[in-house]
Amino acid sequence: HPVAFQKAILWSMLFEVLGLGCGSGPLSGRYFPPLGGCLYFMRTGTTKRALWPRLPILGGDLRGWLDVGLYLGFVIYLIAALISTHPSDHHLMMIVLLLPILGIADQTIFLIARAEHYWMMTFCFFWAGDSLELWLSGVMIIQLALWVWAGVSKLNPHFPSVTAVMLSNHPLNRSIRFRKALYRDFPRDLRPSTFARYLAHLGAASELLTPLLFICALTQV
């Protein structure tokens, strides 16, 4: 159902902006408490990164009551949209308006909310109104662009090094032989091996080809 898709996007944005995404838990050095995010954003006096530090009211380096209020308002509207039967135009409008304002006050919140994903799709929901075909086309274009450019970003000389480290540190990878094969001469030479480069190129190719195959399939429907 279209509403289920809209709520999935809003839920994803709420999950991220609360600090429950990849920046939480022991992998990010967070143990007690296991998350930061909202615990910092709802507290005055914590540091922030304003877009223009000298800007009156929204600038500065420390969080004030206005910053906390804007953040709480954004979270409340996300929750209200999720628990409603159908996210109203008012809910969507406030979400669309509040996040850019939060981004001016603190770029960190704008980034962790994954605005390039979820805010842009929410903007499509609001702008298109009840036109399912219009907002669905919008979010498809956004997702295609994100997926393709994510693949393009991996076409660089350092991505094989990233692949080698990620695969050798994976908790489900228990093979010592496989881990060593990712490096040229472990432990003397930790540059990525030919095998690691192959896996990196395979990952980039799959990330580029998958969305294009989806689009080709949709054009045939």
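This is a predicted model: local features need pLDDT of at least 70, side-chain atom pairs count only at pLDDT 80 or more; totals for chains, interfaces and linings use all residues.
Let's walk along the sequence. The pattern reads α-α-α-α-α-α-α-α-α-β-β-α. That gives ten helices and two strands in the chain. As for overall dimensions, the C-alpha trace spans about 55 × 50 × 30 Å along its principal axes. The chain has 221 residues, and 36% of them are buried. Its accessible surface comes to about 13,600 Å², and carbon and sulfur atoms hold 70% of that.

Now let's go inside. Which residues touch the most other members of the largest nonpolar core? They are Leu 10, Met 13, Val 17, Tyr 71, Phe 74 and Leu 78, out of 35 residues in that core. Several elements give two or more residues to this core, namely α1 (2-17), α2 (38-41), α3 (65-83), α4 (89-105), α6 (115-128) and α7. The biggest giver is α4, with eight residues.

If we set aside its neighbours within four places in sequence, Leu 10 is in contact with Leu 78, Ala 81, Leu 82, Pro 87, Leu 92, Ile 95 and Thr 122. Contacts across the sequence also show up in the totals: among contacts in the chain with a separation of 6 or more, 56% are between residues 24 or more positions apart.

Next, the charged pairs. The structure holds six salt bridges, and I'll show you some of them. Arg 63 pairs with Asp 106, and their closest N and O atoms are 3.0 Å apart. What does this pair tie together? Arg 63 sits in the loop between α2 and α3, while Asp 106 sits in the loop between α4 and α5 (107-112), so the bridge links parts that are 43 residues apart in sequence. Are these two residues buried or exposed? Both Arg 63 and Asp 106 are buried.

Let's move on to the strands. β1 (residues 183-185) and β2 (residues 189-192) pair in the antiparallel sense, over two bridges. A hairpin of three residues joins β1 to β2. If you look for Tyr 183, you'll find it opposite Pro 192 in β2.

Asp 185 and Arg 188 meet through their side chains, at 3.2 Å from N to O. Asp 185 has a relative accessible area of 33%, so it counts as partly exposed. Arg 188, at 67%, counts as exposed. In another salt bridge, Asp 189 joins Arg 191, with the closest N and O atoms 2.8 Å apart. Here Asp 189 is buried, at 18% relative accessible area, whereas Arg 191 is partly exposed, at 47%.

Last stop, the surface. Leu 132, Leu 136, Met 140 and Leu 218 form a nonpolar patch there, and together they have about 310 Å² of accessible area. Which helix gives the most to the patch? That is α7 (residues 132-153), with three residues. Leu 218 belongs to helix α10 (residues 194-220). With a relative accessible area of 45%, Leu 218 is partly exposed.

Conventions:
Residues are numbered from 1 along each chain as its sequence is written. Side-chain values use heavy atoms; hydrogens and water are left out. Patches are made of residues with over 30% relative accessible area and no salt bridge: like charges are joined within 9 Å, nonpolar side chains (Val, Leu, Ile, Met, Phe, Trp, Tyr) within 5 Å. Accessible areas come from the Shrake-Rupley method with a 1.4 Å probe; for residues, only the protein chains shown count as cover. A salt bridge is a side-chain nitrogen of Lys or Arg within 4 Å of a carboxyl oxygen of Asp or Glu. Helices (H or I, at least four residues) and strands (E, at least two) are DSSP runs, numbered from the N terminus. Buried means under 20% relative accessible area, exposed over 50%, partly exposed in between (1.4 Å probe, protein chains only). A nonpolar core is a set of buried Ala, Val, Leu, Ile, Met, Phe, Trp, Tyr and Cys residues joined through side-chain atoms within 4.5 Å. Contact means heavy atoms within 4.5 Å. Two strands pair if DSSP finds at least two bridges between them.
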